[in-house]
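Let us walk through this model step by step, going from the overall architecture to individual side chains.

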Amino acid sequence: MKLFIKENEKDLKHYGMLRKYEDSRQFLKEHNHLVCENTANYLVIWCINLEMEEKHELMSHVAHQTICMQYILELAKQLDYDPRACVDAFYSKIQVAEVDYKKSFEDELFQFRERIRKRAAERVEEAIKEYEEEEKQKRLGPGGLDPQDVYNELPEELRKCFDSRDVKLLQETISKMDEEDAKYHMKRCVDSGLWVPEASKKDADQGDDAEIAEEVSAD
């Protein structure tokens, strides 16, 4: 299919943009190699991409051309004919079709557009989740923990210490906590990079505080 698209993408897009049945009929008769499953598949993918790009009106039109191609292919299966031989038959039928046939076509088109919207929304959601996961991986500390997750799970009194960046307050808060709880939370802070003892040790004014934090966070 990749080779097919590479060789025919310009014509595939041209067909997808045609507005009149007669223009579509004539174009497919002149480019009958496009009357195939690869074209239908390409148009489906294009519809999804257009919807993801929020080009809703264009998606709606290309969806119409997609259903036309699918109807031609389905007609060929029913008659056991070469799809290229069914182009005239389909376009003649759709233009003079009975009410029931046109209603069936419009119903299929409506359902197809709904499926496209749903699939596009799923892809957008997948892309957002993938982006968020990539961003989370970038945030991970030396111990493989996310600093945002660790911060959110800290007791309120510890969060206040980090919010104010008050090392002395942190020292006092830790001294008042249960020893095991203090070790647990401070180790997670170190593993997430939320607290960097070595960086604090370089600050002469905070040397003692960093040492205390290291002791508390040790296993």
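What share of the contacts in the protein with a separation of 6 or more comes from residues 24 or more positions apart? In this predicted model, such residues account for 63% of the contacts with a separation of 6 or more. The elements behind this picture are twelve helices and zero strands, so that, read from the N terminus on, the order is simply α-α-α-α-α-α-α-α-α-α-α-α. Of the 219 residues of the protein, 37% count as buried.

Helix α5, which covers residues 87-95, packs with helix α6, which covers residues 99-139, at an angle of about 105°, and their axes lie 9 Å apart. Because angles of 65 to 115 degrees count as roughly perpendicular, α5 is described as roughly perpendicular to α6. On the side of α5 the contact is made by F90, K93, I94 and Q95, and these meet Y101, K102 and F105 in α6. Sorted by class, this contact of α5 with α6 has four nonpolar, one polar and two charged residues.

The cysteines are the next topic. The structure holds zero disulfides, and C161 shows the reasoning for one case: its closest cysteine sulfur, in C189, is 9.9 Å away, which is too far for a bond, because a disulfide requires a pair of sulfur atoms within 2.5 Å. C161 counts as buried, since its relative accessibility is 3%, and C47 counts as buried as well, with a relative accessibility of 0%.

C161 also takes part in a contact through its backbone, as its oxygen lies 3.2 Å from a polar atom of the side chain of S164. S164 itself has its place in helix α8, residues 156-164, and with a relative accessible area of 43% S164 is partly exposed, whereas C161 is buried.

The side chain of D191 is joined to the side chain of K187 by a polar contact of 2.8 Å. Leaving aside residues up to four places away in sequence, D191 touches G141, P142, G143, G144 and L145.

Definitions and conventions. Residues numbered from 1 in each chain as written. Predicted model: local features only at pLDDT ≥ 70, side-chain atom pairs only at ≥ 80, totals over all residues. Heavy atoms only, no water. Buried < 20%, exposed > 50% of the residue type's maximum accessible area, 1.4 Å probe, protein only. Axes fitted to C-alpha atoms, helices over the stretch in contact; angles between N-to-C directions. Helix = DSSP H or I, 4+ residues; strand = E, 2+ residues; numbered from the N terminus. Parallel < 35°, antiparallel > 145°, perpendicular 65-115°, else oblique. Contact = heavy atoms within 4.5 Å. Nonpolar A, V, L, I, M, F, W, Y, C, P; charged D, E, K, R; others polar. Polar contact = N/O pair within 3.5 Å; in protein donor to acceptor, adjacent residues only side chain to side chain.
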